[in-house]
Amino acid sequence: MCVLNRNKTPQKITFDWKSEKVTDDVSNRATQFDTIPYRIRDLWQKQDLGTTKTPLSAEVPGHDALALRLDKM
């Protein structure tokens, strides 16, 4: 998953996994964050950020992206 900041200034984000549905129409896949937890990894910083059991809070620098890998637990 990727969060893109197209602004010049940093943007704080909060993403509540359980209230969002993420789908990929190309591969015909969808997540079920409300029933299946995932581990979250920041691919640029090479850090674990927790799980989808709690909302994600982050700051994305201007003209940058937050690239995340989600793995089922």
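Thr51 sits in strand 6, which spans residues 47–51. Strands (E, at least two residues) and helices (H or I, at least four residues) are DSSP runs, numbered from the N terminus. The model is predicted, so local features require pLDDT of at least 70 and side-chain atom pairs pLDDT 80 or more, whereas totals for chains, interfaces and linings use all residues. Residues are numbered from 1 along each chain as its sequence is written, and side-chain values use heavy atoms, without hydrogens or water.

The surroundings of Thr51 were examined next. Leaving aside neighbours within four places in sequence, Thr51 is in contact (heavy atoms within 4.5 Å) with Trp17, Tyr38, Arg39, Ile40 and Met73. A polar atom of the Thr51 side chain lies 3.1 Å from the backbone nitrogen of Lys53.

The overall fold comes next. The protein has 8 strands and 0 helices. Along the sequence, the pattern reads β-β-β-β-β-β-β-β. The C-alpha atoms fill a box of roughly 35 × 25 × 20 Å, taken along the principal axes. Of the contacts with a separation of 6 or more, 62% link residues 24 or more positions apart.

Burial and surface were computed for the whole protein. Buried residues (under 20% relative accessible area; exposed is over 50%, and partly exposed is in between, with a 1.4 Å probe and protein chains only) make up 23% of the 73 residues. The protein exposes about 5600 Å², and carbon and sulfur atoms supply 46% of that area. Accessible areas come from the Shrake-Rupley method with a 1.4 Å probe, and for residues only the protein chains shown count as cover. There are 12 positive and 10 negative side chains. Lys and Arg count as positive, Asp and Glu as negative, and His and the chain ends are not counted. The centres of the two sets lie 3 Å apart. Each charge is placed at NZ of Lys, CZ of Arg, CG of Asp or CD of Glu.

In soluble globular proteins, nonpolar side chains tend to be buried together. The largest nonpolar core here holds 10 residues: Val3, Phe15, Trp17, Phe33, Tyr38, Ile40, Leu56, Val60, Leu66 and Leu68. Strand 5 (38–42), strand 7 (56–60) and strand 8 (64–72) each give two or more residues to this core. A nonpolar core is a set of buried Ala, Val, Leu, Ile, Met, Phe, Trp, Tyr and Cys residues joined through side-chain atoms within 4.5 Å. Phe15 is one of the core residues. Beyond four places in sequence, Phe15 is in contact with Met1, Glu20, Val22, Pro55 and Leu56. Leu56 is itself a core member.

Several loop residues were then inspected. Thr31 lies in the loop between strand 4 (29–30) and strand 5. Thr31 counts as buried because its relative accessibility is 17%. With neighbours within four places left aside, Thr31 is in contact with Lys21, Val22 and Tyr38. Ile36 lies in the loop between strand 4 and strand 5. At 26% relative accessibility, Ile36 counts as partly exposed. Ile36 touches Thr52 and Lys72, not counting residues up to four places away. Ile36 and Gly50 are 14 residues apart in sequence, and their C-alpha atoms are 14 Å apart in space.

The loop between strand 3 (23–24) and strand 4 contains Asn28. Ser27 is found in the loop between strand 3 and strand 4. Ser27 has a relative accessible area of 36%, so it is partly exposed. The side chains of Ser27 and Asp24 form a polar contact of 3.1 Å. A polar contact is a pair of N or O atoms within 3.5 Å; within protein, one must be able to donate a hydrogen and the other to accept it, and residues adjacent in sequence count only if both atoms are side-chain atoms.

Most residues other than glycine have a negative phi. Asn28, not a glycine, has a positive phi of about 60°. Asn28 is exposed because its relative accessible area is 72%. Lys46 has a positive phi near 55° and is not a glycine either. Lys46 lies in the loop between strand 5 and strand 6. Its relative accessible area is 64%, so Lys46 is exposed.

Leu43 belongs to the loop between strand 5 and strand 6. At 42% relative accessibility, Leu43 counts as partly exposed. Leu43 and Leu68 are 25 residues apart along the chain, yet their C-alpha atoms are separated by 5.6 Å. Outside four places in sequence, Leu43 is in contact with Ala67, Leu68 and Arg69.
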